[in-house]
Every structure is written in C-alpha cells, then in structure tokens.
Amino acid sequence: MGMSQDIAKVLVSEGDIRERIAALGKQISADYKGREPLFVGVLKGCFIFMADLVRACDIKCTVDFMVVSSYGAGTVSSGAVEIVKDLSQDIAGRDIIIVEDILDSGNTLSYLEKIMTARNPASIRIVTLMDKPERRTADVKADYVGFTIPDAFVVGYGLDFDQRYRNLPYIGVLKPEVYS
Ligand code: PRP
C-alpha cells in the first residue's frame with residue numbers, strides 16, 4: 001500500500017519547503033559568517049531537514065548527531081527525555097546549532113539546551129523546521145523557524161507516525177482513522 005491515501009491534506013508542499021530552507025540557509029550563512037558552527041541533529045526526525053539545511057548553507061561547518069527518545073510511543077510527549085546516543089565530540093567553545101524537525105511541547109529541546117549549556121559551548125541556537133506554539137509547555141524558543149503550524153497530526157519530511165511516513169516528501173496531515 002502507498003502512503004498518500006493516509007494523508008488528509010498537504011500542509012506544506014515540497015516547493016514551499018525547498019524555498020523556506022533556502023532562505024533559512026541564507027540567513028544562517030549570514031549570521032555565522034566567519035565562524036564554523038557545529039550542527040547538532042536530533043535523530044531521527046531531523047534527518048531529511050538537516051540534509052537539506054546544511055546544503056543550503058554556504059559556510060564551513062561540521063555536523064554531529066544525537067539520538068534522544070521521549071518515553072512512550074504515544075502521540076503526546078510524556079516529559080522525560082533519554083539520551084540514546086550522545087555526541088561524538090567535546091563542544092566546549094563551539095557555536096552550536098541544534099536542528100530539529102518539530103518543536104512541540106518543547107520538552108526535548110529544553111532538556112537538550114540545558115545539557116548542552118553545561119558543556120560550555122560558545123553559543124547555542126535552535127533551528128526547527130516546524131513550530132507548534134499552541135502545544136508548548138516547556139520554556140524554550142527556536143531562533144530559526146521554518147513554518148509555524150497549527151496543532152494537527154503532521155507527518156512527512158522526517159516526521160513519523162509509528163515510525164512510518166518519514167519519507168513523504170511534503171508535510172501532510174494524517175487521516176484520523178489511521179491513528180485512532
Ligand atoms: C519528535 C521530534 C522532537 C520531539 C518534539 O521526536 O523530532 O525531537 O518529538 O516534541 P517535544 O517538543 O514535545 O519534545 P520523537 O520523540 O517523535 O522521535 P523521532 O525524532 O525519532 O521521530
């Protein structure tokens with residue numbers, strides 16, 4: 001079975017994503033001119049956005065990844081965050097750009113921001129492809145946002161439901177009958 005029949009509507013099209021990431025890349029390149037940031041991707045959701053974002057940036061940079069997991073596989077984040085795989089390097093003195101696919105309750109990023117700050121980087125900024133401000137419970141803000149979206153069940157472009165749909169090339173709203 002294909003994926004598209006499970007999608008109620010396209011929320012952000014491929015073309016709109018491409019354009020927005022190009023703009024984010026330009027902005028980040030200008031902001032970090034003369035510096036060499038370390039992009040820290042938060043797996044798995046970031047993998048497609050980050051691949052596009054770093055290619056839209058015309059600056060010297062390096063990349064690393066973390067795997068974190070919020071407890072529970074449900075549709076609502078439970079709060080606790082576990083580091084499944086940590087960075088493979090010391091970040092002291094580095095300019096860190098944390099890359100996320102979505103900022104939802106904010107639990108994941110507020111936790112990550114805290115543990116990264118304790119490692120004494122030169123700076124930390126957050127870039128997220130999508131921001132769902134309506135759902136925020138933790139005190140965290142992204143410095144760069146691709147799209148501010150409503151509180152709908154979105155999948156695609158890295159985002160999953162039950163590990164599926166990450167490979168949709170656009171951001172879609174899942175049909176309720178798929179997850180209920
Ligand atoms: C998603 C997403 C963020 C987090 C955002 O990850 O990639 O890391 O949830 O939600 P929050 O703001 O409520 O913390 P998920 O735990 O689904 O894992 P994944 O990246 O492997 O899909």
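Trainee: How far does the sulfur of cysteine 61 lie from the closest cysteine sulfur?

Mentor: Please bear in mind that this is a predicted model. A disulfide requires two cysteine sulfur atoms within 2.5 Å. For cysteine 61 the closest cysteine sulfur is that of cysteine 57, which is too far for a bond. The distance is 6.5 Å.

Trainee: To how many disulfides does the count come?

Mentor: With the cut-off at 2.5 Å, the count gives 0 disulfides. Cysteine 57 is in no disulfide, since its nearest cysteine sulfur, in cysteine 61, is 6.5 Å away. The count of disulfides is 0.

Trainee: Is cysteine 57 buried or exposed?

Mentor: A residue under 20% relative accessible area is classed as buried. Cysteine 57 has a relative accessible area of 9%, so the class is buried.

Trainee: Which residues around the ligand come nearest?

Mentor: There are 15 residues around the ligand. By type, they comprise 2 nonpolar, 7 polar and 6 charged residues. Those that come nearest are Glu100, Asp101, Ser105, Gly106 and Thr108.

Trainee: How much of the exposed area of the ligand does the protein bury?

Mentor: A polar side-chain atom of arginine 166 is 2.9 Å from a ligand oxygen. Taken alone, the ligand exposes 500 Å². Of that area the protein buries 85%.

Trainee: Which element gives the largest share of the shell around the ligand?

Mentor: Strand E5 (95-103) and helix H3 (107-117) are the elements that give two or more residues to the shell. The largest share is 3 residues, and these come from E5.

Trainee: Against which elements do the buried residues of H3 pack?

Mentor: The buried residues of H3 are Asn107, Leu109, Ser110, Leu112, Ile115 and Met116. Their packing partners are strands E2 (38-43), E3 (62-70), E4 (81-85), E5 and E6 (123-131).

Trainee: With which residues is glycine 41 in contact, leaving aside its neighbours within four places in sequence?

Mentor: Glycine 41 lies in strand E2 and counts as buried, at 0% relative accessibility. With the sequence neighbours set aside, the contacts of glycine 41 are Cys46, Met50, Asp64, Phe65, Met66 and Val99.

Trainee: Is the peptide bond from leucine 43 to lysine 44 cis or trans?

Mentor: Lysine 44 belongs to the loop between E2 and helix H2 (47-55). The omega angle of the bond from leucine 43 to lysine 44 is near 0°, and the bond is cis.

Trainee: What is the phi of tyrosine 157?

Mentor: Tyrosine 157 sits in the loop between strand E8 (154-155) and strand E9 (171-174). With a relative accessible area of 8%, tyrosine 157 is buried. Although tyrosine 157 is not a glycine, its phi is positive, at about 50°.

Trainee: Is aspartate 162 buried or exposed?

Mentor: Aspartate 162 is placed in the loop between E8 and E9. Its phi is positive, about 55°, although aspartate 162 is not a glycine. A relative accessible area over 50% makes a residue exposed. Aspartate 162 has 56%, and therefore it is exposed.

Methods:
Residues numbered from 1 in each chain as written. Predicted model: local features only at pLDDT ≥ 70, side-chain atom pairs only at ≥ 80, totals over all residues. Heavy atoms only, no water. Near = heavy atom within 4 Å. Polar contact = N/O pair within 3.5 Å; in protein donor to acceptor, adjacent residues only side chain to side chain. Areas by Shrake-Rupley, 256 points an atom, 1.4 Å probe, with all protein chains shown as cover. Helix = DSSP H or I, 4+ residues; strand = E, 2+ residues; numbered from the N terminus. Nonpolar A, V, L, I, M, F, W, Y, C, P; charged D, E, K, R; others polar. Buried < 20%, exposed > 50% of the residue type's maximum accessible area, 1.4 Å probe, protein only. Contact = heavy atoms within 4.5 Å.
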